[in-house]
Each structure stands twice: as structure tokens, then as C-alpha cells.
Amino acid sequence: MGVRSRADAFVLLVNPVQCDGYGHCAELAPDLVHLDEWGYPILGAEPRPVRDHEALHSARLAVRGCPRQALRIERRAAPERPARAGRRTE
Ligand code: SF4
């Protein structure tokens with residue numbers, strides 16, 4: 001049995017200095033990227049689970065399709081789940 005990795009979530013990040021604001025990423029990953037009124041991407045800060053294959057695929061498409069290489073995927077630990085009620089810890 002192996003040790004399970006804690007980096008089982010991801011976020012899509014943008015480097016605002018490199019971004020040209022033409023919004024191609026929003027076409028490639030509409031579920032992850034929204035545009036502000038000037039066309040710059042607004043990305044959700046909440047980590048998404050890597051098992052959300054559709055979201056991860058969209059993020060990879062956006063990273064590959066970004067003409068300025070301004071996007072990257074960062075692996076994160078998934079948010080802690082609250083302990084189940086009624087569970088004994090003795
Ligand atoms: S595709 Fe890249 S350069 Fe274009 S708006 Fe998105 S992050 Fe910025």
C-alpha cells in the first residue's frame with residue numbers, strides 16, 4: 001500500500017504581467033475562466049479536485065492554448081473535510 005499524495009487538487013493561475021487580455025482562455029476553459037470587463041481572466045481561487053477530469057482537461061487546454069504562456073496549473077492539497085459527526089476518537 002502506498003502513501004496517498006495530499007496534492008489531490010489543483011488551481012489554475014494566471015501571471016497578470018504576461019497576460020494580453022484577449023480572453024482566449026475563457027473559450028478553452030469556460031467552466032474555469034470568466035473575463036472581467038476588459039477581457040482579463042478571473043480565475044476561481046477554490047482548488048478543484050484532480051479527479052474532476054473534465055475541469056483538469058479544460059485547465060490543460062487553456063494552459064496549452066494561452067499565446068502568452070501566462071497560465072499554469074498548480075497542484076494543491078485538497079481542502080480538509082470536516083470530521084464526521086458521531087465518530088469516536090478514543
Ligand atoms: S489566453 Fe493567456 S494571454 Fe490570453 S487572456 Fe487568457 S491568460 Fe491572458
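A residue counts as buried if 20 or more other C-beta atoms lie within 10 Å of its own, as exposed if 12 or fewer do, and as partly exposed in between. This is a predicted model, and by that cut-off 14% of the 90 residues of the chain are buried. The chain contains two helices and five strands, arranged from the N terminus as β-α-β-β-β-α-β. Among contacts between residues at least 6 apart in sequence, 69% link residues at least 24 apart.

- Three of the strands make an open sheet with the order 4-1-5 and antiparallel pairing. Its edges are strand 4 (48-49) and strand 5, each of which pairs on one side only.
- In general, strands of a sheet pair through backbone hydrogen bonds, in either a parallel or an antiparallel arrangement.
- Strand 1 and strand 4 run antiparallel and are joined by two bridges. Phe-10 has Arg-48 of strand 4 as its bridge partner.
- Six bridges connect strand 1 with strand 5, again in the antiparallel sense. On this side Ala-9 has Arg-76 of strand 5 as its bridge partner.

**Val-11 in strand 1**

- Val-11 belongs to strand 1. It has 17 other C-beta atoms within 10 Å and is therefore partly exposed.
- Beyond its neighbours within four places in sequence, Val-11 is in contact with Ala-45, Pro-47, Glu-74 and Arg-76.
- For Pro-47, the C-alpha to C-alpha distance from Val-11 is 5.0 Å, although the two are 36 residues apart in sequence.

**Arginines of strand 5**

- Arg-72 is part of strand 5. Its count of 13 other C-beta atoms within 10 Å makes Arg-72 partly exposed.
- Apart from residues up to four places away in sequence, Arg-72 touches Leu-13 and Val-63. Its C-alpha atom is separated by 8.4 Å from that of Ala-59, which is 13 residues away along the chain.
- Arg-75 also lies in strand 5. With 13 C-beta neighbours inside 10 Å, Arg-75 is likewise partly exposed.
- Leaving out residues up to four places away in sequence, Arg-75 touches Ala-7 and Phe-10.

**Helix 2**

- Helix 2 covers residues 53-65, and its 13 residues at 1.5 Å each should span 18 Å; the C-alpha atoms at its ends are 18 Å apart, so expectation and model agree.
- Ser-58, Ala-59 and Ala-62 are the buried residues of helix 2. They lie on the same side of the helix because they cover an arc of only 100 degrees around its axis.
- An α-helix has 3.6 residues a turn, so residues three or four places apart point the same way.
- Those buried residues pack against strand 1 (9-14), helix 1 (24-28), strand 2 (33-35) and strand 5 (71-76).
- On the face turned away from the buried side, helix 2 carries the exposed residues His-53, His-57 and Arg-64.

**Loop between helix 2 and strand 5**

- Gln-69 sits in the loop that links helix 2 to strand 5. It counts as exposed because it has 11 C-beta neighbours inside 10 Å.
- Most residues other than glycine have a negative phi. Gln-69 is not a glycine, yet its phi is positive, at about 50 degrees.

**Ligand surroundings**

- There are 14 residues around the ligand, and those that come nearest are Cys-19, His-24, Cys-25, Cys-66 and Arg-68.
- Sorted by class, the shell around the ligand consists of nine nonpolar, three polar and two charged residues.

Methods: Residues are numbered from 1 along each chain as its sequence is written. This is a predicted model: local features need pLDDT of at least 70, side-chain atom pairs count only at pLDDT 80 or more; totals for chains, interfaces and linings use all residues. Helices (H or I, at least four residues) and strands (E, at least two) are DSSP runs, numbered from the N terminus. The expected span of a helix is 1.5 Å times one less than its number of residues. The arc is that of the directions from the helix axis to the C-beta atoms. Two residues are in contact if their C-beta atoms, placed from the backbone, lie within 7 Å. A residue is near a molecule or strand if its C-beta atom, placed from the backbone, lies within 6 Å of it. Ala, Val, Leu, Ile, Met, Phe, Trp, Tyr, Cys and Pro count as nonpolar, Asp, Glu, Lys and Arg as charged, and the others, Gly among them, as polar. Two strands pair if DSSP finds at least two bridges between them.
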